[in-house]
Amino acid sequence: MFVVSGLWAWNLAAGPGAASPWSVYDQSLLLSGWLAIALMSLAMMLALRPAWLERPLGGLDQIYHTHKWAGILAVVFAAAHWLIEMGDDVIESIFGEAGGHEQHYSGFIDTMRDAAEEVGEFAIYLLFAMLLITLWRKFPYKYWRYLHRAMPALYLLLAFHAAWLTPLQWWQQPVGVLMAILLTGGSLASVLSLTGRVGRRRQVQGSITAINTPARDITEVTCHLGSAWRGHRAGQFALVTFNTTEGAHPFTIASADQEDGSVTFLIKSLGDFTRNLSHKIRVGQTVKVEGPYGRFDFNRRNRKSHQIWIAGGIGVTPFLAWLEAIDSNTAPSPEADLHYCTRNADQDPMVQRLRTLCRDFHGINLQIHDSARGESLSAEKLAADGRLSTKAEVWFCGPAGLGQAIKKGLRAGPLRLSRFHKEVFQFR
């Protein structure tokens with residue numbers, strides 16, 4: 001975005017009549033439109049779930065977080081572009097008619113530019129509607145995802161609008177070359193998405209082998225994926241499709257990789273589909289798993305920093321996989337403080353499971369925080385631990401509000417926080 005803005009500013013300053021109101025109007029119209037299509041192109045390319053970007057960006061969850069905000073900012077700039085376009089009458093009433101600032105075309109180019117204007121106006125209204133539906137959290141996900149699948153087609157309409165309405169001489173400038181690259185990348189990504197090729201190489205079909213309900217609102221599902229499953233690292237997640245109508249949902253893998261093609265998921269009732277999930281699926285049912293994704297891997301820990309592992313509710317899932325992986329590994333277990341936050345320890349089956357897994361690991365200090373007994377975890381309690389005088393690294397998985405409060409409190413306190421790892425599972 002800054003690159004495009006810089007190139008635009010250079011082009012504006014170097015052009016003739018740069019200080020005239022109509023020139024500023026034209027360049028502002030171009031800048032807002034180009035920022036919108038540039039960000040939308042980025043969003044389309046990130047939607048391909050490029051695994052090679054997981055390392056620099058920190059995981060697929062961060063890729064989708066960037067994708068989401070690129071899309072929102074694209075709509076903001078598209079709205080600015082539309083408002084500037086609608087304001088030409090105001091500019092004319094203040095500074096007079098446009099004079100010779102507009103370029104005139106004829107023949108085929110003129111016809112295509114007229115078509116691009118009409119297509120762009122139609123597409124931008126659809127874009128505004130899509131943003132409102134996306135931000136409306138009560139709109140059912142299973143319907144939203146079908147609307148969202150239409151975004152690649154909408155992008156192609158807006159790319160057509162941008163390509164034809166950009167002045168011809170701009171394509172000879174650096175900003176034109178950059179935008180040509182972005183438009184090409186976004187268009188290719190749209191075609192791949194429309195043809196259903198996103199993530200296809202990482203999709204494996206298997207079957208459900210076991211279904212358990214350790215708690216009323218938790219369903220444990222074990223799937224056998226066979227030799228097609230390439231394995232996973234403890235802490236990674238996968239996109240799981242139990243029902244083609246409902247589509248894929250991200251779930252953390254709750255088991256270590258045993259190299260037998262089996263994976264286990266702990267799924268909490270958080271939405272329409274996951275509510276009473278055990279009654280909607282059955283043993284032997286076909287399941288599609290795409291992945292693995294994510295960088296929530298304890299092997300990436302800073303061995304010079306004190307380890308603080310914090311799990312909240314179903315956020316204990318990656319830590320269960322970590323402990324299983326440590327148990328099957330011949331390497332010495334790491335030293336860490338594992339904090340598990342629960343609403344009611346007496347009724348939480350994960351408490352006993354954690355205690356069983358941690359029993360043989362003397363380096364792991366398990367602490368249960370039972371909010372029913374007023375034992376909630378806070379940054380102040382962590383910082384008050386006298387053993388944490390050295391630099392600490394936090395791995396967090398749980399409710400977003402708890403994570404933000406602890407991170408803010410630790411950064412403001414005396415504890416030297418080297419890094420705070422957490423995943424963002426709110427893809428919508």
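Which residues of helix H11 (residues 349-358) are buried? Select H11 and color Met 350, Val 351, Leu 354 and Cys 358: these are its buried residues. They span an arc of only 105 degrees around the axis, which places them on the same side of H11. The arc is taken from the directions that run from the helix axis to the C-beta atoms. Buried here means under 20% relative accessible area, exposed means over 50%, and partly exposed is in between (1.4 Å probe, protein chains only). Helices (H or I, at least four residues) and strands (E, at least two) are DSSP runs, numbered from the N terminus.

This is a predicted model, in which local features need pLDDT of at least 70 and side-chain atom pairs count only at pLDDT 80 or more, while totals for chains, interfaces and linings use all residues. Residues are numbered from 1 along each chain as its sequence is written, and side-chain values use heavy atoms, with hydrogens and water left out.

**Around H11**

Next, go to the N-terminal end of H11, which is capped by Asp 348: a side-chain oxygen of Asp 348 lies 2.9 Å from the backbone nitrogen of Met 350.

**Salt bridges**

The structure holds 5 salt bridges, each defined as a side-chain nitrogen of Lys or Arg within 4 Å of a carboxyl oxygen of Asp or Glu. Select Arg 373 and Asp 346, which form one of them, with the closest N and O atoms 3.2 Å apart. Arg 373 is in the loop between S9 and helix H12 (379-383), and Asp 346 is in the loop between S8 and H11, 27 residues apart. Arg 373 counts as exposed at 54% relative accessibility, and Asp 346 counts as exposed at 63%. Asp 370 counts as buried, at 2% relative accessibility. Through shared partners, salt bridges join Asp 346, Asp 370 and Arg 373 into one network.

Now move to Glu 290 and Arg 49, where another salt bridge is found (2.7 Å, N to O). Glu 290 lies in strand S6 (residues 286-293) and Arg 49 in the loop between helix H2 (21-46) and helix H3 (54-57), so the pair ties together parts that are 241 residues apart in sequence. Both Glu 290 and Arg 49 are buried.

Select Leu 239, in strand S3 (residues 237-241). Leu 239 counts as buried at 7% relative accessibility.

**Ser 255**

Go on to Ser 255, in the loop between strand S4 (249-252) and strand S5 (262-268). Is Ser 255 buried or exposed? At 8% relative accessibility, Ser 255 counts as buried. Its side chain reaches the backbone nitrogen of Thr 264 at 3.1 Å. Leaving out residues up to four places away in sequence, Ser 255 touches His 232, Ser 262, Val 263, Thr 264, Ala 321 and Glu 324.

Methods. Polar contact = N/O pair within 3.5 Å; in protein donor to acceptor, adjacent residues only side chain to side chain. Contact = heavy atoms within 4.5 Å.
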